[in-house]
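Please keep the sequence and the model in view while reading.

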Amino acid sequence: MHFNIFGRGLTLRVAVAITCQMAFVFFGYDQGVFSGIIGNPNWLDQFGHPKSSLEGIIVSIYNLGMFSGCVLNFVVGEKLGKRKSMWLAMAFVIVGATLQTSAFSTPHLMVARYITGIGTGIDTTTTPVFQSELCDARTA
């Protein structure tokens, strides 16, 4: 049975555009929220007032995870396909976000941010291609 909630034409294009834009929100949202958290006195107390060098590593390990996600997507993305790759990315993001939320130590937080970054990297490399494949081929 085939279930098509959005139909065809303009409605489908709008649905695809909104869905893809939501995927791109993840790219900047984590960094934006985390930049506000690292200055919070409760966070600083919990993680032992890390020095600026360690704080920089905690923040930037997310970008290392995104790079790893891009490489992982290069290896498995074609085998899985676009939809399954996006599901895999969201699984990484959900697990990573859950681990970040439950983190009580610096290594735990770093692993969680790396895992979240993997999901965001897969999502960021899959979504634009998926959107371009679903758009109408028209010339200007």
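The secondary structure of the protein chain amounts to 5 helices and 0 strands, and from the N terminus onward the order of elements is α-α-α-α-α. The model is a predicted one. Its C-alpha trace spans about 55 × 35 × 30 Å along the principal axes. The chain has 140 residues, of which 33% count as buried.

The packing of the helices may be considered next. Two packed helices are described by the angle between their axes and the distance between the axes. For helix α4 (residues 82–101) and helix α5 (residues 106–134), the angle is about 155° and the axes lie 7 Å apart. Because angles over 145 degrees count as roughly antiparallel, α4 is roughly antiparallel to α5. The crossing in which α4 passes α5 is left-handed. Sorted by class, the residues in the contact of α4 with α5 comprise 16 nonpolar, 9 polar and 5 charged.

Helix α5 also packs with helix α3 (residues 52–80), here at an angle of about 40° and with the axes 6 Å apart. In this pair, α3 passes α5 in a right-handed crossing. The contact of α3 with α5 contains 15 nonpolar, 11 polar and 1 charged residues.

Attention now turns to empty space in the model. Rolling a probe the size of a water molecule over the atoms shows where such space is left. The second largest pocket holds about 370 Å³. Its lining consists of 19 residues, and those closest to the pocket centre are Asp30, Ile37, Ala97, Gln100 and Thr101. Four helices, α1 (10–37), α2 (41–46), α4 and α5, each supply at least two residues of this lining. The greatest contribution comes from α1, with 6 residues. By class, the lining of the second largest pocket divides into 13 nonpolar, 5 polar and 1 charged.

A last point concerns the backbone. Most residues other than glycine have a negative phi. His49, by contrast, has a phi near 45°, a positive value in a residue other than glycine. His49 is located in the loop between α2 and α3. Is this residue, His49, buried, partly exposed or exposed? Its relative accessibility is 48%, and His49 therefore counts as partly exposed, since that class lies between under 20% for buried and over 50% for exposed.

Key. Residues numbered from 1 in each chain as written. Predicted model: local features only at pLDDT ≥ 70, side-chain atom pairs only at ≥ 80, totals over all residues. Heavy atoms only, no water. Axes fitted to C-alpha atoms, helices over the stretch in contact; angles between N-to-C directions. Parallel < 35°, antiparallel > 145°, perpendicular 65-115°, else oblique. Left-handed = near helix turned anticlockwise from the far one by under 90°. Nonpolar A, V, L, I, M, F, W, Y, C, P; charged D, E, K, R; others polar. 1 Å grid on protein atoms, 1.4 Å probe; cavity = no way out; pocket = protein on both sides within 12 Å on 5 of 7 lines; lining within 4 Å. Points joined across faces, edges and corners; volume = space filled by probe spheres on them. Buried < 20%, exposed > 50% of the residue type's maximum accessible area, 1.4 Å probe, protein only.
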